[in-house]
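Hi,

Here's the structure I promised to pass along. Have a look at it first, and then read on for my notes.

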Amino acid sequence: MIKTIKGVVISETPYKESSKILNILTNEGIIGVISKGCKNIKSPLRIVSNKLTYAEYIIYYHEDSLSTLKEGSIINNLSNIKTNLTLISYLIYLTDLTKQVISEGNKEVIFEDYINTILKIEEGLNPLILTNILEVKYLDYLGAPINFNSCVKCGNDKDIVTISSIEGGYICKNCYTNEIIYDSKVIKMLKMYYLVDIKTIKELKISDSVINSINEFLTDYYDTYTGIYIKSKSFLNKQIEY
Ligand SMILES: [Zn+2]
């Protein structure tokens, strides 16, 4: 069956003399494809068979084995990202993360959110904010959603004083013990991150202190609740240390 897919190459493995086996992240999950002869300089498949390429692919699809690549055309060559080492680190991290999340929920929604995040970074919007937005949304699929409704200890929805990465959500005045106090702007903005539709984002005006507090919160939250450790995130956090 011939099928058209849109996706990002997440790994490439040499195969025989001139071919590669590609794993392509798509809105149907990860699809394995043989790209025959793509290492030849004149092959029309050459440029679409490189890691982190975002393209449309026409494949001979096999459900239970590797599919075969027929042709491909670049959708966006992500040239702003690929000429900036920091942005490349974001792309690698978001791709590694999505690879782990894609099988945990609605693949179409997950892929849309992932690719829209990448395209907004390519457009020049703040990559850390966008990364954190995607991270908050993915928590639903990782079985660890943040409780944005009420105090996680008593259920009270009033007098919220902070949000705790250890307790997993809001803490009210009566239940507060010694949790880190986050500014109310941080608490409000984190919920906005969760609710915003990524493809509609036009600009992001958030103060550095709020941005950094949210990243710190989410890094701790992922450590505590998701069991996901991604090497490229610690590398990224080292690059953006403030
Ligand atoms: Zn409480």
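Below is what I found, going from the whole chain down to single residues.

First, the ground rules. This is a predicted model, where local features need pLDDT of at least 70 and side-chain atom pairs count only at pLDDT 80 or more, while totals for chains, interfaces and linings use all residues. Residues are numbered from 1 along each chain as its sequence is written.

**Overall picture**

The protein chain has seven helices and eight strands; these are DSSP runs numbered from the N terminus, with helices being H or I of at least four residues and strands E of at least two. Its C-alpha atoms fill a box of roughly 70 × 35 × 30 Å along the principal axes. Of the 242 residues, 32% count as buried. For that label, 20 or more other C-beta atoms must lie within 10 Å of the residue's own; 12 or fewer makes a residue exposed, anything in between is partly exposed, and the C-beta atoms are placed from the backbone. Taking contacts in the chain with a separation of 6 or more, 53% are between residues 24 or more positions apart. Contact here means that the C-beta atoms, placed from the backbone, lie within 7 Å.

**Two domains**

The domain assignment gives domain 1 (2–77) and domain 2 (80–239), with bounds that come from an automatic or database assignment. Their centres, taken over C-alpha atoms, are 31 Å apart. Domain 1 puts 10 residues into the contact and domain 2 puts in 12. On the domain 1 side, β1 (2–15), β2 and β3 are the elements that give two or more residues. That side is made up of five nonpolar, four polar and one charged residues. The classes are: Ala, Val, Leu, Ile, Met, Phe, Trp, Tyr, Cys and Pro as nonpolar, Asp, Glu, Lys and Arg as charged, and the others, Gly among them, as polar.

Strand β2 (residues 19–26) runs antiparallel to strand β3 (residues 29–35), and seven bridges join them. For pairing, DSSP has to find at least two bridges between two strands. Lys20 has Ser35 in β3 as its bridge partner, and the two strands form a hairpin with two residues between them. β3 also runs parallel to strand β5 (residues 67–76), joined by two bridges, with Val33 opposite Ser67.

Ile31 sits in β3. Is Ile31 buried or exposed? Ile31 counts as buried, because it has 20 C-beta neighbours inside 10 Å. Beyond its neighbours within four places in sequence, Ile31 is in contact with Ile5, Ile24, Thr26 and Ser67. Ile5 is 26 residues away along the chain, with 9.4 Å between the C-alpha atoms of Ile31 and Ile5.

Glu63 and Ile31 are 32 residues apart in sequence, yet 9.0 Å apart in space, C-alpha to C-alpha.

**A helix pair**

Helix α3 (residues 107–123) packs against helix α4 (residues 127–138) at an angle of about 170°, with 9 Å between the axes. The axes are lines fitted to C-alpha atoms, for helices over the stretch in contact, and the angles run from 0 to 180 degrees between N-to-C directions. The pair is therefore roughly antiparallel; that label covers angles over 145 degrees, with under 35 being roughly parallel, 65 to 115 roughly perpendicular and the rest oblique. α3 brings Asp113, Tyr114, Thr117, Lys120 and Ile121 to the contact, and α4 brings Pro127, Leu130, Leu134 and Lys137. By class, these are five nonpolar, one polar and three charged.

**The three-stranded sheet**

There is also an open sheet of three strands, in the order β6-β8-β7 and with mixed pairing. β6 (147–151) and β7 (160–164) are at the edges with a single partner strand each, so one side of each has no neighbour in the sheet. On average, neighbouring strands in this sheet are turned by 30° against each other, direction ignored. β7 and strand β8 (residues 169–172) run antiparallel and share four bridges, with Ile160 opposite Cys172. They form a hairpin with four residues between them, and Gly168 in the turn has a positive phi of about 90°.

Cheers

Definitions and conventions
Contact = placed C-beta atoms within 7 Å.
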